[in-house]
Amino acid sequence: MVEARWSPGGTSTCWEGVALSSVDGSSSTPLLSVRNLRTHFDVGGHAVKAVDGVSFDVHEGMTLGVVGESGSGKTVLSRSIMGINTASNASTTGSVRYNGTELIGKSKRELRDFWGEEMAMVFQDPMTSLNPVVRIGRQLTEHLRAHKKMSKAAATELAIQLLTWVRIPEPEQRLSNYPHQMSGGMRQRVCIAIALACSPNLLFADEPTTALDVTVQHQILNLLSQQQSERKMGMVLVTHDLGVVATRTDEIAVMYAGKIVEKASTSTLFSDMRHPYTQSLFWSIPKTSEPKHTRLSAIVGRPPNLAALPVGCSFADRCPYVQPICREVEPELTTDSTHSFACHLPVGSADADAALSSNIAQGLAQSEAAAIRRDAQTGASA
Amino acid sequence: MAGSGTSHLRQHEDVVLRVENLTVEFPAKGGKVVHAVSGISFDVLRGETLGLVGESGCGKSTTGRALLQLPAPTGGSVQLDGEELTSLNRSAMTSRRTDIQMIFQDPISSLNPRRTIGKIVAEPLDVWGPKAEDEQWKLVSEILDAVGIDPDSARYKRPHEYSGGQCQRISIARALVMEPKVIICDEPVSALDVSVQAQILNMLEDLKAKYGLTLVFIAHDLAVVKNISDRVAVMYLGKMCEISESDELYARPAHPYTRLLMDSHPEPNPNAEIDESVVLGGEIPSPINPPSGCRFRTRCPFADERCATEEPTMTMVSEGHYVACHHPLAEAS
């Protein structure tokens, strides 16, 4: 029984605390170390808490997957770390250390030395992240010339090599193309080539394949993981698709309403989900391994309004296990050496089982899906 | 793939929609022709859900629209309950559209932002239903209730006051209010979050049971299509590759393209094997100048000379499972 692994008091580490380096169970200095990062947007006098106290580490050559629904703050998180939240009403606090250097508080001019050369980003939409009126060649060589002070000829030569790396056929001809002359998959490959141009040590990929077909998605993800292992890059893969992170990451952080609600190594997260949100998200995905017309366990309701978060746990209104305490006290992220989660009634504990049974008995709508799942499981094991 | 032929059509009295050799072509610059859909055939039984799956540009949306004669196909036949739709004149087709309705991909842009929800859902009734407002509202509120939208609060609200998932429910209500026989769903859940996607898919199953609907479900997500469909047809570059009952298709894909799609689909399972070798190619050829013979041959690992010269036709691999390929995968047989 999984219950034994969970000890409410013992291993819990204060969220705001500093002793979080044990989270990754690694003693080496992380490439990227994010502590208590908050990005709030001031909208009409209300603070929209898009990122609200997020901490994690990324080590060299490792991939962290960040998963969540739209509006969970995952994109704002990666933009905050990069320092590219340009909105004037945004305020970012906390600490982002890249190789020991604090990035929060640096000016745009200072950050420019980090962008491209140290950390780079691949954006979601390959249609809009390239300049439509500038040839591919110039978009590729622009920052090589600026950062590396390369000659035009040397930069062009490297650009051709980059396009070859990302498997674009006839790279010499492609340099004089405009973005509209390429397909979506090719444009995303060009974006990856641009991101890789100055050999960054850390790559943020924000939904890099969401706009693409499955076959192209498969190629792009393969390409990213190949380039990553060749270059020993650290990578943060942001996506809404649990299928994409399942086989491509070392560690996964699940975000909900601006916070990390569960974080563990990829294999642990899938084999031993503790947060009800992670479990509900997993259950709601249709899978090709299930027979047709399998009833999906939908999550009721919608993510909360980030400008007016409820008291207590922000998942309470949609949670199958909800109890009165969840609406009163916000759960802290409890951490043991391998697994963190923020929940009063973690999945698999006796308290959670009892809570679910009583919710089902009361006919709570948000517990219906979990009830069906539970009956199916006991039916299968019986 | 790239196959034609009609051997997979069923002789069944309950066929509600029968499509034969459907062809849709569009004129392109310089007198060229875009071969969007080139001779596909399928049928749908009453109460059945047919999934149409394929990459973008394979003609699945064009097929869906051609069923509604929007625009009318260049050639071929579309029969609804035995009545030929392609030969109907404009006004006769308008009256038949009550039987065949459509739900679109982007729920927000498919609703007029300046009209109230009450008016949006009642609009089909303005054309083909009761005209009196209280009669209309009775029908509209019933349907809104069935799709999980509170009718009284929705009546005077506008689309921007609703989320994407709710707007999709409203679109579904608008399609249902005519009591259609067939609904064409064109990627109805691909713009939605997974949690909302599950709500909409479950609701479509419920509505199907309640109203006895027949669905043509167009999507690119293999898992979504499998979940909702009784039968699945795989399309590539305007042609049909394979059609089968869905559990059978996913267990034993016979077409190399179906196999490629399935291998590319990311399953939420950390122990799933990934084929790391695929990094190159996979560009879908232009439908202006499609490859000769089998249209998939430029990407197919098994392609040979025969595939370049001779177009494969639909042949049976097992009961109800048809494939258009000269080299069907062995495990299917």
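**Stop one: where the chains meet**

Start with both chains on screen: 40 residues of chain B are in contact with 42 residues of chain A (contact here means C-beta atoms, placed from the backbone, within 7 Å). Keep in mind that this is a predicted model, where local features need pLDDT of at least 70, side-chain atom pairs count only at pLDDT 80 or more, and totals for chains, interfaces and linings use all residues. To find your way, residues are numbered from 1 along each chain as its sequence is written, with chains lettered from A and ligands numbered from 1 in the order in which they are written.

Now select helix 7 (194–211), helix 8 (222–228), helix 9 (246–251) and helix 10 (256–264) of chain B; each supplies at least two residues of the side that touches chain A. (Helices are DSSP runs of H or I, at least four residues, and strands are runs of E, at least two, numbered from the N terminus.) Helix 7 of chain B gives the largest share, seven residues. Colour that side of chain B by type and you'll get 18 nonpolar, 13 polar and nine charged residues. Ala, Val, Leu, Ile, Met, Phe, Trp, Tyr, Cys and Pro count as nonpolar, Asp, Glu, Lys and Arg as charged, and the others, Gly among them, as polar.

**Stop two: a helix pair in chain B**

Show side chains next: Gly165(B), Gln168(B) and Leu176(B) in helix 6 meet Val196(B), Gln199(B), Ile200(B), Leu207(B) and Tyr211(B) in helix 7. This contact divides into five nonpolar, three polar and no charged residues.

**Stop three: helix 1 of chain A**

Jump to residues 74–82 of chain A. Is this helix mostly covered or exposed? Covered: nine of its nine residues are buried, with 20 or more other C-beta atoms, placed from the backbone, within 10 Å of their own.

**Last stop: a sheet in chain B**

Finish on the open sheet of four strands in chain B, order 2-1-4-5, with antiparallel pairing (strands pair if DSSP finds at least two bridges between them). Strand 2 (33–45) and strand 5 (83–84) of chain B stand at the edges, each with a single partner strand, so one side of each is left without a neighbour in the sheet.

Definitions and conventions: Contact = placed C-beta atoms within 7 Å. Buried ≥ 20, exposed ≤ 12 C-beta atoms within 10 Å, placed from the backbone.
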